[in-house]
Amino acid sequence: MNSLDINQIKQYLPHRYPLLLVDRVLDWESGKTITAIKNVTVNEEFFNGHFPHKPVMPGVLMIEALAQTAALLSFLTEGRKPDENTVVYFVGIDNARFKRPVEPGDQLKMEVEITRRARGIWKYRAVATVDGQVAVEADLMCTMRSAADASQSA
């Protein structure tokens with residue numbers, strides 16, 4: 001079983017609190033799939049405003065958590081860690097569907113599968129569940145670029 005703890009995850013993702021949204025990788029298979037978790041706690045910053053009377057994890061952050069999981073799979077597949085010049089950008093998000101609210105105390109189990117990789121574009125099928133119920137699903141597309149290349153194309 002290939003697993004990663006939070007310290008190992010931080011070697012692959014540049015994100016830090018409050019935007020590091022992957023707590024543990026349970027398993028991964030190079031070039032194929034990854035399963036990771038995000039423990040959702042009541043002291044997450046976004047719950048102060050979303051919503052104080054009924055805390056719900058914003059959908060865009062669930063998608064971001066899936067994207068971070070996908071980025072981890074890409075770096076693990078390539079057998080390399082990013083450097084300060086490497087960035088991973090969204091290219092597209094298709095077929096996103098939100099099926100269930102995610103609340104404090106929930107554990108978001110994220111499963112991402114590489115569906116295609118061509119000309120620097122990675123495509124993934126991503127699903128996040130809570131207690132076996134689908135919370136969000138989407139098709140994601142990302143690309144890896146050097147920071148210098150990315151700033152020139154902007």
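User: Does Pro 82 count as buried or exposed?
Analyst: The model is predicted. Pro 82 has 19% relative accessibility. The cut-off for burial is under 20%, so at 19% Pro 82 counts as buried.

User: Where is Pro 82 found, and which residues does Pro 82 touch, not counting residues up to four places away in sequence?
Analyst: Pro 82 is found in the loop between H2 and strand E3 (86-98). Leaving out residues up to four places away in sequence, its contacts are Gln 11, Tyr 12 and Phe 75.

User: How far is the C-alpha atom of Pro 82 from that of Gln 11?
Analyst: Along the chain, Pro 82 and Gln 11 are 71 residues apart. They also touch. Their C-alpha atoms are separated by 7.9 Å.

User: Is Gln 68 buried or exposed?
Analyst: Gln 68 is found in helix H2. Its relative accessible area is 1%. The limit for burial is under 20%, so Gln 68 is buried.

User: Which residues does Gln 68 touch, not counting residues up to four places away in sequence?
Analyst: The helix that holds Gln 68 is H2. With residues up to four places away in sequence left out, Gln 68 touches Leu 13, His 15, Leu 19, Leu 20, Leu 21 and Val 22.

User: Which residue does a cis peptide bond join to Tyr 17, and where does that residue lie?
Analyst: The cis bond has an omega of about 10 degrees. It joins Tyr 17 to Pro 18. Pro 18 lies in the loop between helix H1 (6-12) and strand E1 (24-29).

User: What is omega for the cis peptide bond of His 50 and Phe 51?
Analyst: Phe 51 sits in the loop between strand E2 (33-39) and helix H2 (59-78). A cis peptide bond joins His 50 to Phe 51. Its omega is about -10 degrees.

User: What is phi for Arg 119, and is the residue buried or exposed?
Analyst: Arg 119 lies in the loop between strand E4 (107-118) and strand E5 (121-130). It is not a glycine, yet its phi is positive, at about 50 degrees. Its relative accessibility is 79%. The cut-off is over 50%, so Arg 119 counts as exposed.

User: What separates the C-alpha atoms of Arg 119 and Thr 143?
Analyst: Arg 119 and Thr 143 are 24 residues apart along the chain. The separation of their C-alpha atoms is 9.2 Å.

User: Where is Asp 131 found, and is Asp 131 buried or exposed?
Analyst: Asp 131 is found in the loop between E5 and strand E6 (133-146). Its phi is positive, about 50 degrees, although Asp 131 is not a glycine. The relative accessible area is 73%. Exposure requires over 50%, so Asp 131 is exposed.

User: How many aromatic pairs are there, and how are the rings of Trp 122 and Tyr 124 arranged?
Analyst: The count comes to two aromatic pairs. Trp 122 and Tyr 124 form one, with 6.5 Å centre to centre and 10 degrees between the planes. Planes under 30 degrees apart count as stacked, so the Trp 122 and Tyr 124 pair is stacked.

User: Are Trp 122 and Tyr 124 buried or exposed?
Analyst: Trp 122 has 4% relative accessibility, so it counts as buried. Tyr 124 has a relative accessible area of 1%, so Tyr 124 is buried.

User: What pattern does the chain follow along the sequence?
Analyst: The chain holds three helices and six strands. Read along the sequence, they give α-β-β-α-β-β-β-β-α.

User: What radius of gyration does the chain have?
Analyst: The C-alpha trace spans about 45 × 35 × 30 Å along its principal axes. For 154 residues, a compact globule would have a radius of gyration near 15 Å. The chain agrees, with 15 Å.

User: What percentage of the residues in the chain is buried?
Analyst: The chain exposes about 8300 Å², and carbon and sulfur atoms supply 48% of that area. Of the 154 residues, the buried share is 41%.

User: How far apart are the mean positions of the positive and negative charges of the chain?
Analyst: The chain has 18 positive and 19 negative charges. Their mean positions are separated by 4 Å.

Terms used:
Residues numbered from 1 in each chain as written. Predicted model: local features only at pLDDT ≥ 70, side-chain atom pairs only at ≥ 80, totals over all residues. Heavy atoms only, no water. Helix = DSSP H or I, 4+ residues; strand = E, 2+ residues; numbered from the N terminus. Rg over C-alpha atoms; globule rule 2.2 N^0.38 Å. Buried < 20%, exposed > 50% of the residue type's maximum accessible area, 1.4 Å probe, protein only. Areas by Shrake-Rupley, 256 points an atom, 1.4 Å probe, with all protein chains shown as cover. Lys, Arg positive; Asp, Glu negative; His and termini not counted. Charge placed at Lys NZ, Arg CZ, Asp CG, Glu CD. Phe/Tyr/Trp six-rings, centres within 6.5 Å; stacked < 30°, edge-to-face > 60°. Contact = heavy atoms within 4.5 Å.
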